[in-house]
Amino acid sequence: MVEQHTPRSLIVTFYGAYGRSFEGPVPVSALVRLLGAAGVDAPSVRSSVSRLKRRGFLLPAPAVDGAAGYALSDEARQLLDDGDRRIYGGPRPSDAWLVAVFSVPEQERHKRHLLRSRLARLGFGSVAPGVWIAPAALAEETGHTLERLQLTPYVELFRGAHLGFAPTAEAVGRWWDLAALAKQHEEFLDLHEPGLRALRSGPEPTPEEAYRRYLLALDTWRRLPYADPGLPRPLLPADWPGERAAAVFAELHARLHGAGSRFARA
């Protein structure tokens with residue numbers, strides 16, 4: 001299997017992993033160098049940065065040495081801070097559920113599509129039209145997302161327990177496509193578990209190699225905690241691969257991130 005990475009996704013991943021630790025905005029020259037180490041050419045870096053600027057993710061600002069650079073917008077920083085809890089924090093077990101109920105007037109149906117797509121990207125499962133569900137631990141992040149997109153007038157959020165009538169494990173299998181989620185975890189393992197075994201038995205990677213390997217692994221991994229929102233383990237199949245995938249990423253992070261920081265800040 002070939003791992004797919006887009007320049008724009010890698011830039012977002014870079015800011016999440018390393019860009020926030022820079023003193024001030026990241027110089028454009030550093031972005032070109034650091035994305036180049038991950039296989040992205042300079043024109044692709046510049047065009048992707050321009051798209052992220054138009055979307056309000058990045059803001060042009062001088063770096064500490066006065067060179068041209070880019071800083072995160074406040075909304076982008078909030079997005080990455082929320083992502084840290086997902087990507088590095090692991091699932092937060094809870095028996096409670098967060099239920100989102102929404103209603104959008106027909107003349108604003110484009111917002112209905114936006115709501116559905118964002119709830120799905122947050123990891124919500126679909127119970128019925130206009131009724132979506134997720135583990136209650138996602139309440140704060142969901143609130144941030146709905147406020148950022150100005151969608152709160154259309155949504156009510158509730159926290160509670162599933163009282164029936166089907167067993168909760170059976171219902172979870174309807175609300176989420178567990179086979180598709182398991183496949184994503186297995187694909188991550190196929191891509192990155194062999195590399196982890198090589199790290200355990202081989203020489204320490206150079207800072208540049210650690211940086212490159214970590215950035216690519218993180219760019220793949222960071223989608224999984226959103227697709228799989230940390231469903232309670234007793235409700236999942238016995239052979240669920242999510243815990244193993246999370247353990248592989250956690251060890252890759254421990255082995256590669258620090259060394260990669262030395263290259264990113266060189």
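What percentage of the 266 residues in the protein is buried? I found 45%; buried means under 20% relative accessible area with a 1.4 Å probe, protein chains only.

Some notes on the source. This is a predicted model, where local features need pLDDT of at least 70, side-chain atom pairs count only at pLDDT 80 or more, and totals for chains, interfaces and linings use all residues. Residues are numbered from 1 along each chain as its sequence is written, and side-chain values use heavy atoms, without hydrogens and water.

Next, the fold. I counted 11 helices and 7 strands, taken as DSSP runs (H or I, at least four residues; E, at least two). The radius of gyration is 20 Å, close to the 18 Å of the globule rule for 266 residues, so the protein is as compact as a globular protein of that length. That radius is taken over C-alpha atoms, and the rule is 2.2 Å times the number of residues to the power 0.38. The C-alpha trace spans about 60 × 50 × 30 Å along its principal axes.

Then I checked contacts (heavy atoms within 4.5 Å). Of those between residues at least 6 apart in sequence, 76% join residues at least 24 apart.

I looked for cavities, sets of points on a 1 Å grid where a 1.4 Å probe fits but cannot get out. There is 1 of 30 Å³ or more. The largest cavity holds about 40 Å³, a volume filled by probe spheres set on the points. Leu199, Pro203, Glu204, Pro205 and Arg255 line the largest cavity, each with an atom within 4 Å of a point.

Methods
1 Å grid on protein atoms, 1.4 Å probe; cavity = no way out; pocket = protein on both sides within 12 Å on 5 of 7 lines; lining within 4 Å. Buried < 20%, exposed > 50% of the residue type's maximum accessible area, 1.4 Å probe, protein only.
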